[in-house]
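Visitor: Please take me through one part of this model in close detail. I would like to look at the salt bridges.

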Amino acid sequence: MKKSIFYHAGCPVCVGAEQEIINLMGEESVHIVHLGENQKEIPAAEKFGVTSVPALVTPNGVVLHINYGASLEDVKA
């Protein structure tokens, strides 16, 4: 994996974190996945170990849970 992946669900906490991640890393360095709009990506997020959003998965596969917006179970509902 060459880019980090930022998973979020569109909540205010997630949107704020998305903007900060883009400001810090640059759009070219991070792939943004809105799980609220793209639920077919939830299994991939779970495979990385994402349990809540917002979360950043580094190119090394390390999951960084940022603040707390929603659990993946809430996003699935």
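**A close look at the salt bridges**

Guide: Start with Lys76 and Glu46. They form a salt bridge, with the closest N and O atoms 2.6 Å apart. The term means a side-chain nitrogen of Lys or Arg within 4 Å of a carboxyl oxygen of Asp or Glu. This pair links distant parts of the chain: Lys76 sits in helix H3 (residues 72-76), Glu46 in helix H2 (residues 42-48), and they are 30 residues apart. Helices here are DSSP runs of H or I, at least four residues long, numbered from the N terminus.

This is a predicted model: local features need pLDDT of at least 70, side-chain atom pairs count only at pLDDT 80 or more, and totals for chains, interfaces and linings use all residues. Residues are numbered from 1 along each chain as its sequence is written, and side-chain values use heavy atoms, leaving out hydrogens and water.

Now stay with Lys76. Lys76 also forms a salt bridge with Glu73, the closest N and O atoms being 3.3 Å apart. Both lie in helix H3, 3 residues apart, so about one helical turn separates them. Shared partners join Glu46, Glu73 and Lys76 into one network.

How open are these residues? Lys76 is partly exposed, at 37% relative accessible area. Glu46 is partly exposed too, at 34%. Glu73 is exposed, at 54%. The cut-offs are under 20% for buried, over 50% for exposed, and partly exposed in between (1.4 Å probe, protein chains only).

The structure holds 3 salt bridges. One of them pairs Glu41 with Lys40, with the closest N and O atoms 3.8 Å apart. Glu41 is partly exposed at 25%, while Lys40 is exposed at 67%.

Key: Helix = DSSP H or I, 4+ residues; strand = E, 2+ residues; numbered from the N terminus.
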